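I opened this notebook to record what I looked up in a structure that was new to me. The entries run from the whole chain to a single residue.

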Amino acid sequence: MADFETVEVTTDVLILGGGMAACGAAVEAAYWAKTQGLKVTLVDKAAMDRSGAVAMGLSAINQYVDVNGKNTIKDYVDYVRNDLMGVTREDLVANIARHVDGTVHLFEKWGLPIWKDA
């Protein structure tokens, strides 16, 4: 069994998980916490550079819309429709793709690597 080190951290806001929701919440919380002198800590079960939906999970990859038009919102809507066997509201799926994709691109701009293949 590996040797693990226990580290005690004092924080004002604790966010658990490295997925899209947790990373977004951490960024937003950090913005507001800074004005109040509060500390925000995000903890995940794995290394942050490869954990959760933002870095390597299916949500980020499937919703990544290529700025060169190679993977469009329609492509994502088609993917979801097929995955859910046709039971979907395509207008809502398209809106989710637009908003989540924008967030994924923003995280990428901030330096979080989004793993993509050809």
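I took helices (H or I, at least four residues) and strands (E, at least two) as DSSP runs, numbered from the N terminus. The model is predicted, so local features need pLDDT of at least 70 and side-chain atom pairs pLDDT 80 or more, while totals for chains, interfaces and linings use all residues. Residues are numbered from 1 along each chain as its sequence is written, and side-chain values use heavy atoms, without hydrogens and water.

Entry on the fold. I counted five helices and two strands in the chain. Their order along the sequence reads β-α-β-α-α-α-α.

Entry on burial. I found that 26% of the 118 residues are buried, that is, under 20% relative accessible area with a 1.4 Å probe and protein chains only, whereas exposed means over 50% and partly exposed lies in between.

Entry on the strands. I looked up how S1 (residues 13-16) meets S2 (residues 40-43): four bridges join them, and they run parallel. Pairing requires at least two DSSP bridges between two strands. From S1 the chain passes through helix H1 (residues 20-36) to S2 in a right-handed β-α-β crossover; right-handed means that, with the strands pointing away from the viewer, the path from the first strand over the helix to the second runs clockwise.

Entry on Leu14. Is Leu14 buried or exposed? I noted that Leu14 is exposed, at a relative accessible area of 53%. This residue lies in S1, and Leu14 stands opposite Thr41 in S2.
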